[in-house]
Amino acid sequence: MQTCTRCGAVLEERGHYCTVCGLAQMEEAPGDFLERVLAKDAGTTPDDPHFRASLARIREEQPEAWADLVQMITAPAKA
């Protein structure tokens, strides 16, 4: 039985995200999760061409900031 590293919830066998806190469970998934959250917050979809261009620009111009955001998503929660 595998548990989420953030909230401790029991994970579904084939789930890509924790069903309790939403933490991505795959190596590449945290960036995808962040993109979906940002798109939702911006009122668009991750596939929107303008949104994709904005993300590409942020990743290119501020790679450290993007990496920090992804790291925050994957860091275990502090008790």
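Thr3 touches Gly8, Ala9, Val10 and Leu11 when residues up to four places away in sequence are left out; contact here means heavy atoms within 4.5 Å. The model is a predicted one, in which local features need pLDDT of at least 70 and side-chain atom pairs count only at pLDDT 80 or more, while totals for chains, interfaces and linings use all residues. Residues are numbered from 1 along each chain as its sequence is written, and side-chain values use heavy atoms, with hydrogens and water left out.

Thr3 belongs to the segment before H1. Its relative accessible area is 41%, so Thr3 is partly exposed. The terms are set as follows: buried means under 20% relative accessible area, exposed over 50%, and partly exposed in between, with a 1.4 Å probe and protein chains only. Thr3 and Cys18 are 15 residues apart along the chain, and their C-alpha atoms are separated by 8.7 Å. Glu12 also has its place in the segment before H1. With 53% relative accessibility, Glu12 counts as exposed. Its C-alpha atom is 8.1 Å from that of Gln2, ten residues away along the chain.

The protein as a whole has three helices and zero strands. These are DSSP runs numbered from the N terminus, helices being H or I of at least four residues and strands E of at least two. Read from the N terminus, the order of elements is α-α-α. The protein has 79 residues, of which 23% count as buried. It exposes about 5900 Å², and carbon and sulfur atoms supply 53% of that area. Such areas come from the Shrake-Rupley method with a 1.4 Å probe, and for residues only the protein chains shown count as cover. Of the contacts between residues at least 6 apart in sequence, 31% join residues at least 24 apart.

The cysteines can be taken next. A disulfide is a covalent bond between the sulfur atoms of two cysteines. In this model it is counted as a pair of cysteine sulfur atoms within 2.5 Å, and by this rule there are zero disulfides. Cys4 is buried, at 4% relative accessibility, whereas Cys7 is partly exposed, with a relative accessible area of 38%.

Cys4 is also part of the largest nonpolar core, which has twelve residues: Cys4, Ala9, Leu11, Cys18, Leu23, Leu34, Ala39, Phe51, Leu55, Trp66, Val70 and Ile73. H1, H2 and helix H3 (63-74) each supply at least two residues of this core. H3 gives the largest share, three residues. A nonpolar core is a set of buried Ala, Val, Leu, Ile, Met, Phe, Trp, Tyr and Cys residues joined through side-chain atoms within 4.5 Å.

The helices can now be followed in order. Helix H1 covers residues 29-42 and includes Glu35. Is Glu35 buried or exposed? Glu35 is buried, because its relative accessible area is 7%. Apart from neighbours within four places in sequence, Glu35 is in contact with Phe51, Arg52, Leu55, Arg59 and Trp66.

Helix H2 (residues 49-61) has 13 residues and reaches 18 Å from its first C-alpha to its last, close to the 18 Å expected at 1.5 Å a residue. The expected span is 1.5 Å times one less than the number of residues. At the start of H2, a side-chain oxygen of Asp48 comes within 2.9 Å of the backbone nitrogen of His50. Leu55 touches Glu35, Leu38 and Trp66, again without residues up to four places away in sequence.

Helix H3 contains Ile73, which is buried at 11% relative accessibility. Which residues does Ile73 contact, leaving aside its neighbours within four places in sequence? They are Arg6, Leu23, Pro30, Phe33 and Leu34. The C-alpha atoms of Ile73 and Gly31 are separated by 8.8 Å, although the two are 42 residues apart along the chain. Ala67 is found in helix H3 too, and at 43% relative accessibility it counts as partly exposed. Ala67 and Gly31 are 36 residues apart in sequence and 8.8 Å apart in space, C-alpha to C-alpha.

Technical notes. A polar contact is a pair of N or O atoms within 3.5 Å; within protein, one must be able to donate a hydrogen and the other to accept it, and residues adjacent in sequence count only if both atoms are side-chain atoms.
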